[in-house]
Amino acid sequence: MSETVYTVDKIGDAGLVEALITRSLTEFIDESCSKLGPRALAGATNLTKVQCDNVTAVETEAFSGCKALKTLSLPKVTSVTKCEYANLTSLTELNLPAVTSISKQYAFQNCTALTKVDFPVLGAM
C-alpha cells in the first residue's frame, strides 16, 4: 500500500479533514503548514496526535470534535484568542511553549485529562 503525502501552507475553513480524510486520520504531523483555519481538523474523530512545528495561528473550532486527540504540539503559536482548545476531553499533553497571551477565560474548558502542559508562563508541568 502506498502512502499519500500532501504538502500545504495552511488549512482553511473546514478544508482538509471534511473534504478528504475525516474518519481515517489518526496523526497530523506537518512542518510546512503555517495556519489552521476555522474547523480545519474538525470532525477527525480518530485523530490522536497533532504536531505542526510552523503553525503560528489557530482559528475557531480548529479541533472541534477531535474526541480522541491526546497530544497537541504547536510550538510557534503565540496567543490563544478563542476557545480553540475547549472540549478536548482526551487531551493529555499540550505543548504551546511560545504562548504569551490567553484572552479567553474558557480556552481550555473541559480539557479534563491534561497531565502535561508546556506554557512559558507555567513552564513544563
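Gln51 counts as partly exposed because its relative accessibility is 24%, where buried means under 20% relative accessible area, exposed over 50% and partly exposed in between (1.4 Å probe, protein chains only). This is a predicted model, in which local features need pLDDT of at least 70 and side-chain atom pairs count only at pLDDT 80 or more, while totals for chains, interfaces and linings use all residues. Residues are numbered from 1 along each chain as its sequence is written, and side-chain values use heavy atoms, with hydrogens and water left out.

**Strands E2 and E4**

- Gln51 is found in strand E4; helices (H or I, at least four residues) and strands (E, at least two) are DSSP runs, numbered from the N terminus.
- Strand E2 (residues 27-30) and strand E4 (residues 49-52) pair in the parallel sense over 4 bridges, a pairing that requires DSSP to find at least two bridges between the strands.
- Within this pairing, Gln51 of E4 stands opposite Ile29, and the C-alpha atoms of Gln51 and Phe28, 23 residues apart in sequence, are 6.3 Å apart in space.
- Not counting residues up to four places away in sequence, Gln51 touches Phe28, Ile29, Asp30 and Ser73, contact meaning heavy atoms within 4.5 Å.

**The nonpolar core**

- The largest nonpolar core has 30 residues, of which Leu36, Val50, Phe63, Leu74 and Tyr85 touch the most other members; such a core is a set of buried Ala, Val, Leu, Ile, Met, Phe, Trp, Tyr and Cys residues joined through side-chain atoms within 4.5 Å.
- E4 and strand E10 (116-119) each supply at least two residues of this core.
- Leaving aside neighbours within four places in sequence, Leu74 is in contact with Val50, Cys52, Val55, Val58, Phe63, Tyr85, Asn95, Leu96 and Pro97.

**Aromatic pairs**

- The count comes to 3 aromatic pairs, taking rings of Phe, Tyr and Trp (its six-membered ring) as paired if their centres lie within 6.5 Å, with planes under 30 degrees apart counted as stacked, over 60 as edge-to-face and the rest as tilted.
- The rings of Tyr85 and Phe108 have centres 5.5 Å apart and planes at 15°, so this pair is stacked.
- Because Tyr85 lies in the loop between strand E7 (79-80) and strand E8 (93-95), and Phe108 in the loop between strand E9 (101-102) and E10, the pair ties together parts that are 23 residues apart in sequence.
- The rings of Phe108 and Phe119 also have centres 5.5 Å apart, but their planes are at 55°, so this pair is tilted.
- Phe63, Tyr85, Phe108 and Phe119 form one aromatic cluster, in which Tyr85 is buried at a relative accessible area of 0% and Phe119 is buried at 10%.

**Cysteines**

- There are 0 disulfides in the model, a disulfide being a pair of cysteine sulfur atoms within 2.5 Å.
- Cys33 is in no disulfide, and the nearest cysteine sulfur, that of Cys52, is 5.6 Å away.
- Cys33 is buried at 0% relative accessibility, and Cys111 is buried with a relative accessible area of 10%.

**The loop around Thr60**

- Thr60 lies in the loop between strand E5 (57-58) and strand E6 (71-73) and is partly exposed, with a relative accessible area of 35%.
- Leaving aside neighbours within four places in sequence, Thr60 is in contact with Pro38, Arg39, Lys82 and Glu84; the C-alpha atoms of Thr60 and Glu84, 24 residues apart along the chain, are separated by 5.2 Å.
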